[in-house]
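The entries below follow the order in which I looked.

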Amino acid sequence: MADQLASLYSEEDAKLLRAATDIETIIEKRADWDETVHTVEQNCDTIFTWDYEQARPGLMKLYEKAKTSQWNVSTDIDWSIEVDPERIASSAPDPRFAVMQNVDLSGTPFGKFGEKEWTELNVESQNWMLSQFLHGEQGALLCTAKIVETVPWIDAKYYASTQVMDEARHVEVFGRYLKEKLGGEYPVNAHLRGLLDAIIEDHRWDMTYLGMQIMVEGLALAAFGFIHSMTPDPLLKEILRYVMSDEARHVAFGVLSLKEIYQDMTAAEIRDRQEFAYEAAVSMRDRFLQQEVWEKMGLPVKECVELAFVSPTRIEFQKMLFSKIVPNLKKLGLLEGWLREKFADLGVLQFENAPDTEIEYEAFQVVGVSA
Ligand SMILES: [Fe+2]
Ligand SMILES: [Fe+2]
């Protein structure tokens, strides 16, 4: 495979081919289709503060915004809009992008695919992706509830409590869309579950923020923006518009909070944070390969994951999802030295001068904007 496809790659991406031997370990981690309860042990301190002084104007401004930006899944979303997944799938971007576009697929599991199969793949891929958003939203719900307990600042506890409500709403809205309009959801991808576990297991409160508010929510904000601009489904568009307005605030919350404590950290402490961010980035760029879709469609999982893993179009798409993460890491002072080199290898430094979310979050607001 590597030899056959090597000519498709830039030198930078060719490095990925060498990592293709990881495919076995990627597919070894499988989703549990029957799991309904998943337990994660955490060893963190719950912090009271008796200092009620609101010392952080940026967080208080965000908190005031959050209080007037609440929306209601039951009444603000027009659930009467009908959704036809196949019609949407047939007008969605070419599903070949995830499995090697512009390449002769004969001899691969997709060799005999006709229009019907490609449409089915698009329907399943869309369902899979929205299901992972649903599970990720639950991760955000739990992480932010944890932040309420663990962050030592009263103004951050106030703000985080509004985010808990926001995330409950997001779980509700994606859950309802999947159930009522797409007929059910996929289980959580094992690599996403592993990432969420790693974030919630860490006892240091800033790691919850870094993993969730900066990495996962940063990726979600970019992904939602992309789907919002591409989907022909007016209902999904409406949902994403609302969710994005909340998510931008959440990412800004992470940047505002972490900026303050990272200023005073030692080089060794910063390096720990950089490694954590890098591990999350690798997971998000190269591990979310919809293996459950191949499984459900009865396709050979290993071959499909192998194709998806080395697909240049997929890699380009995944890189685009770092457009929010990279400028925010830079704002936090983490995009230096070791991490800068690692992100250069991942090919995502192109976004370092994009606007950071602390600056741009108000542009996303849809509720409580006076005319
Ligand atoms: Fe969310
Ligand atoms: Fe969020």
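These entries go through the core, a loop residue and a pair of helices.

Entry one. I kept in mind that this is a predicted model, and I began with the largest nonpolar core, which has 86 residues, among which Met215, Leu219 and Ala277 touch the most other members. For Ala277 I listed the contacts, leaving out residues up to four places away in sequence, and noted Leu210, Met215, Leu329, Leu334 and Leu339.

Entry two. I turned to Asp202, which I located in the loop between helix H9 (190–201) and H10. Is Asp202 buried, exposed or partly exposed? I recorded it as partly exposed, because 17 other C-beta atoms lie within 10 Å, and a residue needs 20 or more to count as buried and 12 or fewer to count as exposed. Not counting residues up to four places away in sequence, Asp202 touches Met207 and Thr208. I also checked Asp202 against Leu335, 133 residues apart along the chain, and found their C-alpha atoms separated by 21 Å.

The contact of H7 with H9 comprises 6 nonpolar, 4 polar and 1 charged residues. On the H7 side I wrote down Gln132, His135, Gly136, Gly139, Leu142, Cys143 and Lys146, which meet Leu192, Leu196, Ile199 and Ile200 in H9.

Definitions and conventions: Residues are numbered from 1 along each chain as its sequence is written. Chains are lettered from A and ligands numbered from 1 in the order in which they are written. This is a predicted model: local features need pLDDT of at least 70, side-chain atom pairs count only at pLDDT 80 or more; totals for chains, interfaces and linings use all residues. A nonpolar core is a set of buried Ala, Val, Leu, Ile, Met, Phe, Trp, Tyr and Cys residues joined through C-beta atoms within 7 Å. Two residues are in contact if their C-beta atoms, placed from the backbone, lie within 7 Å. Helices (H or I, at least four residues) and strands (E, at least two) are DSSP runs, numbered from the N terminus. Ala, Val, Leu, Ile, Met, Phe, Trp, Tyr, Cys and Pro count as nonpolar, Asp, Glu, Lys and Arg as charged, and the others, Gly among them, as polar.
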